[in-house]
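Thanks, everyone. I'll take the domains and the charged pairs in turn. Here is the structure.

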Amino acid sequence: MEFFLEASLKGLSKWLRFLGHKTKICESKITKEDIFKYKDKFFLITSPETAEMLEKAGVRYLLLPRESLKAQLCLLINKLDLKTELKLNICTVCGEELIPVKKENFKDLIPPKVYAYYNEFNYCPKCEKIYWQGDHIKRLEKKLKFLLSQKFED
Ligand SMILES: [Zn+2]
């Protein structure tokens, strides 16, 4: 299942990609043409007017609260019963699927210290960017845990 998100939901899109879901962001207001073009995707929106259009078109969608990323993510995960583990198999910049690669073949793109320390590397063919599972994964896991926790505090 691929998601099509309203422009204001960039933050949520990033997290969906971390969880292994393909997303596309609408750069401007969602139009009838967009709905027709992307009718096979699952729409995530905050606008009741867009919800009405989607309802009429018979396209799957979920209307989310406007402000809080935490509320958006929790609602989405509960409603669609999504898995809450980090997959990190999608490029967070462009949304392309990453390819696991041998580090030997990308030595010139990897800082020497990282090269020495890590063994699992992924490559985005579109951005020509190399990803590795470094310390930031722990930070992401912590942030995800916070976002999914029931406590609504900052
Ligand atoms: Zn990319």
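Predicted model: local features only at pLDDT ≥ 70, side-chain atom pairs only at ≥ 80, totals over all residues.

One definition to start. Buried means under 20% relative accessible area, exposed means over 50%, and partly exposed is in between. So K22, at 26% relative accessibility, counts as partly exposed.

Domains, then. The domain assignment gives domain 1 as 3-87 and domain 2 as 99-146. Their C-alpha centres lie 28 Å apart. How many residues are in contact between the two? Seven residues of domain 1 are in contact with six residues of domain 2.

Now the area. The size of an interface is often given as the accessible area lost when the parts come together. Domain 1 and domain 2 bury about 600 Å² between them. Of that, 80% is on carbon and sulfur atoms. Which residues of domain 1 lose the most area to domain 2? They are W15, K70 and L86, together 68% of what that side buries.

Between domain 1 and domain 2, the count of salt bridges is zero. The count of residue pairs in polar contact is one, with both residues at pLDDT 80 or more. On the domain 1 side, two helices each supply at least two residues that touch domain 2: α1, at 10-18, and α4, at 69-80. By class, that side has five nonpolar residues, one polar and one charged.

On to salt bridges. Side chains of opposite charge can pair when their charged atoms come close. A search of the whole structure finds three salt bridges.

Take K41 and E2. Their closest N and O atoms are 2.8 Å apart. K41 lies in the loop between α2 (32-37) and β3 (42-45), and E2 in the segment before β1 (3-5), so the pair ties together parts that are 39 residues apart in sequence. Is K41 buried or exposed? Its relative accessibility is 15%, so K41 counts as buried. E2 is at 34%, so E2 counts as partly exposed.

Next pair: K10 and E27. Here the N to O distance is 3.8 Å. K10 sits in helix α1, and E27 in the loop between β2 (23-25) and α2. They are 17 residues apart, and the pair links distant parts of the chain. K10 is partly exposed, with a relative accessible area of 48%. E27 is at 62%, so E27 counts as exposed.

Back to K22, as promised. K22 forms a salt bridge with E97, with the closest N and O atoms 3.9 Å apart. Why does this pair tie together parts 75 residues apart in sequence? Because K22 lies in the loop between α1 and β2, while E97 is in the loop between α4 and β5 (99-101). E97 is partly exposed, with a relative accessible area of 44%.

Last topic: backbone angles. D81 has phi near 55°, a positive value in a residue other than glycine. D81 is found in the loop between α4 and β5. At 68% relative accessibility, D81 counts as exposed. L88 also has phi near 55°, again positive in a residue other than glycine. Where is L88? In the loop between α4 and β5. L88 has 14% relative accessibility, so L88 counts as buried.

That's my tour. Over to you.

Conventions:
Residues numbered from 1 in each chain as written. Heavy atoms only, no water. Domains from an automatic or database assignment. Contact = heavy atoms within 4.5 Å. Buried area = accessible area lost by both parts, 1.4 Å probe. Salt bridge = Lys/Arg side-chain N within 4 Å of Asp/Glu carboxyl O. Polar contact = N/O pair within 3.5 Å; in protein donor to acceptor, adjacent residues only side chain to side chain. Helix = DSSP H or I, 4+ residues; strand = E, 2+ residues; numbered from the N terminus. Nonpolar A, V, L, I, M, F, W, Y, C, P; charged D, E, K, R; others polar. Buried < 20%, exposed > 50% of the residue type's maximum accessible area, 1.4 Å probe, protein only.
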